[in-house]
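Hi there,

Here is the structure I promised to pass on. Please have a look at it first, and then read my notes below.

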Amino acid sequence: MNWLIFAFGSAFFAGLTAILGKLGVEGMNSNLATFIRTIVIFFVIGAIITARNEWQLPQHIAAKPLTFLILSGIATGLSWLCYYRALQLAPASWVAPIDKLSVVIAIVLGVVLLGEAVSLKLVIGSLLICSGVLVLAL
């Protein structure tokens, strides 16, 4: 159940990110704002790794996981650049719900690419998320 604490923490901080990001991109280039945010994240995570003494790298890092981590980093960067530009152009209350379509996209990709199981609950939840996004976006 520890994962639930981190999942709710993720949701809370993601929501906070939208508001703080909206305030942060006012009068600033959205790409530069994303860069500054990324530098801050770099130092915060570095401090956490240092505090927890987790700097030990595995003896061997396989190419496949490393490749996917690099691709994930690229996807994250592109997501953040798009997100901050959208925040610069529209209210956070419009941008954040559409951004949450990432949940549905992750579910679809999990099923298609990872072979994760499809259930009625998963389909209904995905449809409800899409419905909620449509209600908020229109």
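In this predicted model, the axes of helix α5 (residues 101-114) and helix α6 (residues 120-137) come within 9 Å and cross at roughly 150 degrees. Axes here are lines fitted to C-alpha atoms, for helices over the stretch in contact, with angles running from 0 to 180 degrees between N-to-C directions. That angle makes α5 roughly antiparallel to α6; the classes are roughly parallel under 35 degrees, roughly antiparallel over 145, roughly perpendicular from 65 to 115, and oblique for the rest. The crossing of α5 past α6 is left-handed, a term used if the near helix is turned anticlockwise from the far one by less than a right angle, with right-handed used if it is clockwise.

On the α5 side the meeting residues are L101, V103, V104, I107 and V111, and on the α6 side they are L122, S126, I129, C130 and V133. Contact means heavy atoms within 4.5 Å. By type, the residues of this α5 and α6 contact divide into 9 nonpolar, 1 polar and no charged. For that count, Ala, Val, Leu, Ile, Met, Phe, Trp, Tyr, Cys and Pro are nonpolar, Asp, Glu, Lys and Arg are charged, and the others, Gly among them, are polar.

S126 deserves a paragraph of its own. This serine sits in helix α6 and is buried, with a relative accessible area of 11%. Buried means under 20% relative accessible area, exposed means over 50%, and partly exposed is in between (1.4 Å probe, protein chains only). A polar atom of the S126 side chain lies 2.9 Å from the backbone oxygen of L122. Not counting residues up to four places away in sequence, S126 touches V104 and I107. S126 and L101 are 25 residues apart in sequence, and their C-alpha atoms are 9.0 Å apart in space.

Now to the other helix pair. The axes of helix α2 (residues 30-51) and helix α3 (residues 63-89) also come within 9 Å, and they cross at roughly 130 degrees. That makes α2 oblique to α3. The crossing of α2 past α3 is right-handed. From α2 the contact takes in S30, N31, A33, T34, R37, T38 and I41, and from α3 it takes in W80, L81, Y84, R85 and Q88. These residues of the α2 and α3 contact divide into 5 nonpolar, 5 polar and 2 charged.

One of them is S30, which belongs to helix α2. Is S30 buried or exposed? S30 is buried, with a relative accessible area of 4%. Leaving aside neighbours within four places in sequence, S30 is in contact with Y84, R85 and Q88.

Two asparagines are also worth a look. N53 is in the loop between α2 and α3 and is exposed, with a relative accessible area of 55%. Most residues other than glycine have a negative phi. N53 is not a glycine, yet has a positive phi of about 55 degrees. N2 is found in helix α1 (residues 2-24) and counts as exposed at 55% relative accessibility. N2 and S102 are 100 residues apart in sequence and 23 Å apart in space, C-alpha to C-alpha.

For the overall picture, the secondary structure comes to 6 helices and 0 strands, in the order α-α-α-α-α-α from the N terminus on. Helices (H or I, at least four residues) and strands (E, at least two) are DSSP runs, numbered from the N terminus. The C-alpha atoms fill a box of roughly 50 × 45 × 30 Å along the principal axes. Of the 138 residues in the protein, 14% are buried. Among contacts with a separation of 6 or more, residues 24 or more positions apart account for 71%.

Lastly, some housekeeping. Residues are numbered from 1 along each chain as its sequence is written, and side-chain values use heavy atoms, with hydrogens and water left out. Since the model is predicted, local features need pLDDT of at least 70 and side-chain atom pairs count only at pLDDT 80 or more, while totals for chains, interfaces and linings use all residues.

Best wishes

Terms used: Polar contact = N/O pair within 3.5 Å; in protein donor to acceptor, adjacent residues only side chain to side chain.
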